Amino acid sequence: MTAPAASTAPSRIAVVTGASSGIGAATARQLAAAGYRVVLTARRKDRIEELAEEITAAGGQAAAYPLDITDRAAVDEFATAFKTIGVLVNNAGGALGADPVATGDPADWRQMYETNVIGTLNVTQALLPALTESGDGTIVVLSSTAGHGTYEGGGGYVAAKHAEHVLAETLRLEIVGTPIRVIEVAPGLVKTDEFALTRFGGDAEKAAKVYAGVAEPLSADDVAETITWAVTRPSHVNIDLLIVRPRAQASNTKLHREL
């Protein structure tokens, strides 16, 4: 597929990873509505092409680029499409399983680390020169409250999200003085069509129990609105870390359910 052409307004180009569903798709819609030309990346070509058509039909600008962020060669090739960009939203990630450490599947742990951490590293490294070249770049790392506190059955996902949090925190220290902001947004309980279903291997009953009795969990749009707000602050304002939870959730282990 031909890579999307660079815009004449580099600071208005926003690359969103994992844009085929959930928070990624919602963020792409909201950034497009805010005036950004969004570049949608994900492995599911049909999904991001449909979303690009939807955004374009609504008057926005969007291009789709199928990409596996764990494939460094593919990521590097993707990055050659851009001399400059303004925003990178590292959204791609996810959880697999909820087994205790004693019986957790190392393959699941490895896949979560590859997607959440190495994937974020790959895209960030590859696009860092283009973000710098823009003179006004923003990197968003979508982590999780799992990156700030643990819970039983979450070991592999918690470990990956802690690493992703540290990646963002360290990068911010290392590039201070350059024209790039590093923003971390860490959502709590978000109800989307796929997150819990993927985590439990397609078991709809287990997935439903995650949200059972919670009157108003966060939605993908809630998180996307938070990301868009942080990105659209004045250039000198950096939202280092924004933790967002539903009112019913006081911590990773304290959740009010109306059962």
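This is a predicted model: local features need pLDDT of at least 70, side-chain atom pairs count only at pLDDT 80 or more; totals for chains, interfaces and linings use all residues.
Figure 1. With a relative accessibility of 0%, Val38 counts as buried, because buried means under 20% relative accessible area. When residues up to four places away in sequence are set aside, Val38 touches Ala14, Ala28, Leu31, Ala32, Ile55, Gln61, Ala62 and Ala63. Leu197 is 159 residues from Val38 in sequence, and the C-alpha atoms of Val38 and Leu197 lie 27 Å apart in space.

Figure 2. Val87 is placed in strand β4, residues 87-90. The relative accessibility of Val87 is 2%, so this residue counts as buried. Setting aside residues up to four places away in sequence, the residues that Val87 touches are Ile13, Ala14, Val15, Tyr36, Leu131, Thr138 and Val231.

Figure 3. Asn91 is located in the loop between β4 and α4, the latter comprising residues 106-134. A relative accessible area of 12% places Asn91 in the buried class. Apart from neighbours within four places in sequence, Asn91 is in contact with Thr17, Gly18, Ile23, Gly24 and Leu142. The C-alpha atom of Asn91 is separated by 17 Å from that of Ile239, which is 148 residues away along the chain.

Figure 4. Side chains of opposite charge can pair when their charged atoms come close. Lys45 and Glu49 form a salt bridge in which the closest N and O atoms are 3.0 Å apart. Both residues lie in helix α2 (residues 45-57), and their separation of four residues corresponds to about one turn of the helix. Lys45 counts as partly exposed, with a relative accessibility of 41%. Glu49 is likewise partly exposed, at 26%.

Figure 5. Glu164 and Lys161 are joined by a salt bridge, with 2.7 Å between the closest N and O atoms. The two residues are three positions apart in helix α5 (residues 155-174), which means that about one helical turn separates Glu164 and Lys161. Glu164 and Lys161 are both buried. Helix α5 also contains Ala163. Not counting residues up to four places away in sequence, Ala163 touches Tyr113 and Val117. Ser143 is 20 residues from Ala163 along the chain, and their C-alpha atoms are separated by 9.3 Å.

**Figure 6. A salt bridge between distant parts of the chain.** The side chains of Arg172 and Asp240 meet in a salt bridge with an N to O distance of 3.7 Å. This pair links distant parts of the chain, since Arg172 is in helix α5, whereas Asp240 is in the loop between α8 (220-231) and β7 (241-244), 68 residues apart. Asp240 has a relative accessibility of 38% and counts as partly exposed.

**Figure 7. A network of salt bridges.** Arg44, Arg47 and Glu194 are linked in a network of salt bridges. In the whole structure, the count of salt bridges comes to seven. The protein chain carries 22 positive and 30 negative side chains, and the centres of these two sets are 3 Å apart.

**Figure 8. The whole chain as context for the close-up views.** The protein chain contains eight helices and nine strands. Its radius of gyration is 18 Å, close to the 18 Å given by the globule rule for 259 residues, so the chain is as compact as a globular protein of that length. The C-alpha trace spans about 55 × 40 × 35 Å along its principal axes. Of the 259 residues, 49% count as buried. Among contacts with a separation of 6 or more, 72% are between residues 24 or more positions apart. The accessible surface of the protein chain is about 12100 Å², and carbon and sulfur atoms account for 51% of this area.

Methods
Residues are numbered from 1 along each chain as its sequence is written. Side-chain values use heavy atoms; hydrogens and water are left out. The radius of gyration is taken over C-alpha atoms; the globule rule is 2.2 Å times the number of residues to the power 0.38. Buried means under 20% relative accessible area, exposed over 50%, partly exposed in between (1.4 Å probe, protein chains only). Contact means heavy atoms within 4.5 Å. Accessible areas come from the Shrake-Rupley method with a 1.4 Å probe; for residues, only the protein chains shown count as cover. Lys and Arg count as positive and Asp and Glu as negative; His and the chain ends are not counted. The place of a charge is taken as NZ of Lys, CZ of Arg, CG of Asp or CD of Glu. A salt bridge is a side-chain nitrogen of Lys or Arg within 4 Å of a carboxyl oxygen of Asp or Glu.
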